[in-house]
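Hi,

Here is the structure I promised to pass on. Have a look at it first, and then read my notes below.

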Amino acid sequence: SLQNGSAFLPFPLSPIRRSPSNSGESKDVPPEGKQQKKASRACTRTKKRRVVKEVSNPTATPYSAQKPNEATSSANISQVSTTKKSPRSYVKVGGADVLFGRGGGSNNHPGNKKYLKKVRERAIEYANANAKQDKSAQKKITEEVISFMQCKGRFLNQDKDTKRWYVADARKVYTKVRQALYDQGNRQSREDSDGSGNKQDL
């Protein structure tokens, strides 16, 4: 029946819900839903780029098959290879070089004779600094002897296997020269009468 020109329905009407259209999003979609959709689209674009990259480089390992640390493994390998100790560079012995070793063969070398002479000249001075526990003076004397010999020569070590000579490490050179000054200073201080202070193994 009609009341006041309008239709009368015996049951209430349910509210009509609008679904989002294909052309855009509905105004009824909450902000959280919009953020999730944006994140989903960004993830999809990233996956597409990975697929394109894998197709363009068929020899590369697919991204899905990579392990978590595989991306940095190549960088670590290259870093290890660059820090690997370089092989010894063998040199030809010169007359001004100092040969480290034991025995008369090294002491008869011209460079060793010059070196032992310099050590004897500074030995007493080093012994006095040692008695006063003046480490700065000891260091200065040691470095001056090294600098004097390195003006024209080098300090060399011999490879036990190949019997060839190579430039000694700077730390070993310092230790050797300091020990030579210490030993020679003790010999001269004791005024050894047998002349053993004139001979010294390096």
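Let me start with Asp159, which touches Arg88, Tyr90, Arg164 and Tyr166, leaving aside residues up to four places away in sequence (contact means heavy atoms within 4.5 Å). This is a predicted model, where local features need pLDDT of at least 70 and side-chain atom pairs count only at pLDDT 80 or more, while totals for chains, interfaces and linings use all residues. Residues are numbered from 1 along each chain as its sequence is written, and side-chain values use heavy atoms, with hydrogens and water left out.

Asp159 sits in the loop between strand S5 (155-158) and strand S6 (165-167). Helices (H or I, at least four residues) and strands (E, at least two) are DSSP runs, numbered from the N terminus. With a relative accessible area of 7%, Asp159 is buried (buried means under 20% relative accessible area, with a 1.4 Å probe and protein chains only). A polar atom of its side chain lies 2.8 Å from the backbone nitrogen of Asp161.

Now the core. The largest nonpolar core has 16 residues, and Tyr115, Phe155, Val173, Val177 and Leu181 have the most contacts inside it. Such a core is a set of buried Ala, Val, Leu, Ile, Met, Phe, Trp, Tyr and Cys residues joined through side-chain atoms within 4.5 Å. Helices H4 (110-131), H5 (135-149) and H6 (170-190) each supply at least two of its residues. Val173 touches Phe100, Ile146, Phe155 and Ala168, again not counting residues up to four places away in sequence.

As for the whole chain, there are six helices and six strands, and 22% of the 202 residues count as buried.

Cheers

How values were computed: Buried < 20%, exposed > 50% of the residue type's maximum accessible area, 1.4 Å probe, protein only. Polar contact = N/O pair within 3.5 Å; in protein donor to acceptor, adjacent residues only side chain to side chain.
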